Amino acid sequence: NTTFNLPTTRLTNPDPVFGQRNIYVTDPGFTSIFTKQNERRYGLRVDLDSQLNRVHRGKVGVEWNWINLNHIGPHIDDNVFADVWDVDPMLGAAYIQDRLDYGDLVIDLGLRWDHWDPNAQFPTLPGLVDCSITTLGPTQCREADVSEASTKDELSPRLGVAHPITDATQVRLSYGKF
């Protein structure tokens, strides 16, 4: 009943409350605390901007990012507090915007779509790590149920209005979900 079934260097007697080893760290001795992290990002972005006519200036764009994150540590020798993962999430976005210029009055209208895909699986029951989702050897994992992380999408409207009050003063109003 441990996270990665790693050999313990801690308390070997059962916990007096829960009856399991390593529920709480009670060893005040030296521990192997370290962290190794690596992140790689690859991205693609395309934006188009055009003055369609005297009133309308249109903008559209898309962006996509591929990310690789891996993390090892701390407490790699501890069954409960070991923290090891390697994931490849993806981020995407697209937007459309129109700037309406009526001389003194300028109106900006826009809509942005954001997408987040963790692109990962995780244990259905914490502590039971299936061999298909770990980089650890077969002695440190077991057959267990896994679940796919859900993707998230968000639409964000934008609205802006600008109008001059005097030669040196302008009022600006805006609303946006960022």
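Asp49 counts as partly exposed because its relative accessibility is 43%, where buried means under 20% relative accessible area, exposed over 50% and partly exposed in between, computed with a 1.4 Å probe on protein chains only. This is a predicted model, in which local features need pLDDT of at least 70 and side-chain atom pairs count only at pLDDT 80 or more, while totals for chains, interfaces and linings use all residues. Residues are numbered from 1 along each chain as its sequence is written, and side-chain values use heavy atoms, with hydrogens and water left out.

**Salt bridges**

- The structure holds six salt bridges, each being a side-chain nitrogen of Lys or Arg within 4 Å of a carboxyl oxygen of Asp or Glu.
- One of them joins the side chains of Asp49 and Arg57 at 2.6 Å, N to O, and Arg57 is partly exposed at 31% relative accessibility.
- Another links the side chains of Glu39 and Arg41 at 2.6 Å, N to O; Glu39 is partly exposed at 43%, whereas Arg41, at 52%, counts as exposed.
- Asp108 and Arg99 also pair through their side chains, at 3.5 Å, N to O, with Asp108 partly exposed at 22% and Arg99 partly exposed at 35%.

**His115**

- His115 counts as buried because its relative accessibility is 15%.
- The side chain of His115 makes a polar contact with the side chain of Asp153 at 2.6 Å.
- Beyond its neighbours within four places in sequence, His115 is in contact (heavy atoms within 4.5 Å) with residues including Trp64, Met90 and Thr151.

Definitions and conventions: A polar contact is a pair of N or O atoms within 3.5 Å; within protein, one must be able to donate a hydrogen and the other to accept it, and residues adjacent in sequence count only if both atoms are side-chain atoms.
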